[in-house]
Amino acid sequence: MPEGFPDLIAVVDDVTGLVGRTPLVRLRRVARGAPAAVLVKVEAANPAGSSKDRAALSMVRAAEASGELRPGGVIFEGSSGNTGIALAMIGAALGYRVVVVVPDRSSQEKLGLLRAYGAEVVITPALLPAEHPDQVRALAARLAAQTPGGWYAGQYDNPANIDAHYTTTGPEIWAQTGGAVTHLVAGIGTGGTLTGAGRYLREVSGDRVQVVGADPESSVYGGGSGRPHLVEATGRFVHPDTGADVWPRSYGPSVATTVRQVPDRESIAMTRALAREEGLLLGASGGLAVAAAVALAHTLGPDDVVVAIAPDSGRSYLSKYFDDDWVSRRGFGPDTGPVPAAAFVTIPHSATVDQARAALRHGHALPVVVRTAEQTEPVSLAQVIGSASPEDLRDAAPQDLVVDHLGPALPLAGAHEPVSTVRDRLTPTQDAVVITHDGLVIAVLPRSELDDRTTGIGDLVTALRD
C-alpha cells in the first residue's frame with residue numbers, strides 16, 4: 001500500500017469484500033440551528049447501494065455455514081427491492097441463481113437493478129393480507145420450498161439480519177465517532193438495522209447511547225393505525241383482512257429508547273432537501289431518519305452527537321420522490337396549511353359488484369381502496385388499488401368482488417394546483433379525478449366540476465364542501 005493511504009482498500013477477492021465500512025457525513029445546512037451535531041451513515045456507499053448488502057451477505061454466509069444453501073442452490077426472497085438487489089449482486093458474485101418476489105409498486109429503477117444483476121423477478125400484487133398465498137413473503141417462501149436446492153432468505157425473521165448490524169454497522173459508528181455518539185436514529189422496516197446496531201451501541205456505551213426508531217406516521221410500530229404510507233421500505237402496514245399482526249423477529253422493540261413518528265410530507269421534503277442542500281442523493285427512508293434526527297438534535301445540547309442511518313441511494317427513486325410531477329400530484333407541493341376534505345365516496349376492496357354499483361350512482365368512476373367499510377380515518381393514496389366504473393362492471397356478476405374487475409387508478413391532482421392545469425392534462429376518457437393533499441385523498445371530483453373553473457383545486461374543494 002503506498003504511504004499516505006493506510007485505509008485504502010487495494011484489492012478484494014470479489015465484490016462482497018466491499019460491503020460495509022460506509023462513511024459518516026456531517027450535515028451543515030438542513031441541520032442549521034441545531035445545538036447537536038447530526039451525522040449521516042451513507043449506506044448507499046455499499047456496492048449494491050444499500051444497507052441491505054450487509055444483511056444479505058450475513059444471511060448467505062450463515063446459510064452456507066449451516067448447509068441450508070449449497071453450491072448450485074437457488075436464493076429466494078420477498079423484497080420491496082433493496083434486499084433483493086443485494087442478494088442478486090451476491091448471487092452473481094458467488095454463483096447462485098436468485099429469484100426475487102417484489103410487490104407491483106416497486107420502482108422501475110429497482111426492477112431494472114434486479115434484472116441487471118441477473119435476478120429473476122416475480123411480481124405480485126402489493127397490499128395483500130399476510131395470510132394470502134400470493135403475499136410477497138409467502139409467495140417467495142412457497143417458491144423456495146418447491147424448488148430443488150431452494151433457500152428462502154427470510155430477512156424479516158432471519159437472525160443473521162440482526163447479526164450483520166451488530167457486528168458491522170454498530171462497531172463502525174462507534175469507531176468513526178470515537179465513542180462520541182450519543183443518539184442513533186434508524187428507520188424501522190424489518191427492524192434488523194435498528195436492533196443490531198442499536199443493541200451494540202447500547203452495550204458498548206454502558207447504555208449511554210439512546211436508540212431512536214424513525215417511523216412513518218401511520219405505521220403500527222410507532223402506534224399508528226397501520227394504513228399504508230408512501231415512504232418505501234419503512235414502517236409496518238397491516239392489511240384490514242390480516243388476522244393476528246405478528247411483528248418480525250428481526251425487530252427487538254426493547255432496543256429502541258423511543259420511536260418518533262414522521263409524516264410522509266416531512267420525510268419527502270427532507271429527502272429532496274438533502275439532495276439540493278447537502279449534495280446527498282438518498283432514498284426517502286433516509287429522509288425519514290434524517291428528519292427525525294434533525295428534530296431530535298434541536299432538543300439536545302452541543303455535546304450530543306446524533307447519527308442517522310440512511311439506508312439507500314435516491315437513484316432508485318428518481319421517478320418518485322425526486323420527480324416534481326409525482327410529488328405535486330400527490331399533494332406534496334407548497335405547504336399552504338390544512339386543506340379541508342369534502343364529502344366523497346370510495347369503494348372498499350371487499351365490496352361486491354352489487355355494492356359497488358350502488359356507490360356508482362353518480363355515474364363517474366370511483367377509487368377502490370384497501371379499507372373496511374367502517375373506516376373513518378382519512379384515506380391514504382397508498383390504499384388506492386384501482387378504480388371502478390359502470391363500464392368496468394357492466395358484464396360482472398352481482399356477487400363478484402369488485403377487485404376482480406378493477407379499472408386503472410384515477411388521475412391525481414394536488415390541492416395546490418390550478419384547476420386549469422388539472423383540466424388540461426385529463427384525457428377524454430377520464431371522467432373523474434382524485435384530489436390529494438399530503439398523500440391523502442381529500443375529494444373525488446367528476447370531470448364536470450372542473451369545467452369553466454379558474455380557481456385553485458383546493459378552493460374548489462372548499463366551495464363544494466360548503
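By class, the lining of the second largest pocket comprises 10 nonpolar, 2 polar and 3 charged residues, as computed from a structure that is a predicted model. The space within this second largest pocket amounts to about 290 Å³, and of the 15 residues that line the pocket, those closest to its centre are Ala343, Phe344, Val444, Leu445 and Pro446. With regard to secondary structure, at least two residues of the lining are supplied by each of strand E17, which spans residues 440–446, and helix H12, which spans residues 457–465. The greatest contribution to the lining of the second largest pocket is that of E17, which gives 4 residues.

The axes of helix H2 (residues 82–94) and helix H3 (residues 108–116) come within 9 Å of one another and cross at roughly 15 degrees. Because angles under 35 degrees count as roughly parallel, H2 is therefore roughly parallel to H3. When the residues in the contact of H2 with H3 are sorted by class, 4 are nonpolar, 2 are polar and 1 is charged.

Technical notes: Residues numbered from 1 in each chain as written. Predicted model: local features only at pLDDT ≥ 70, side-chain atom pairs only at ≥ 80, totals over all residues. Heavy atoms only, no water. Axes fitted to C-alpha atoms, helices over the stretch in contact; angles between N-to-C directions. Parallel < 35°, antiparallel > 145°, perpendicular 65-115°, else oblique. Nonpolar A, V, L, I, M, F, W, Y, C, P; charged D, E, K, R; others polar. 1 Å grid on protein atoms, 1.4 Å probe; cavity = no way out; pocket = protein on both sides within 12 Å on 5 of 7 lines; lining within 4 Å. Points joined across faces, edges and corners; volume = space filled by probe spheres on them.
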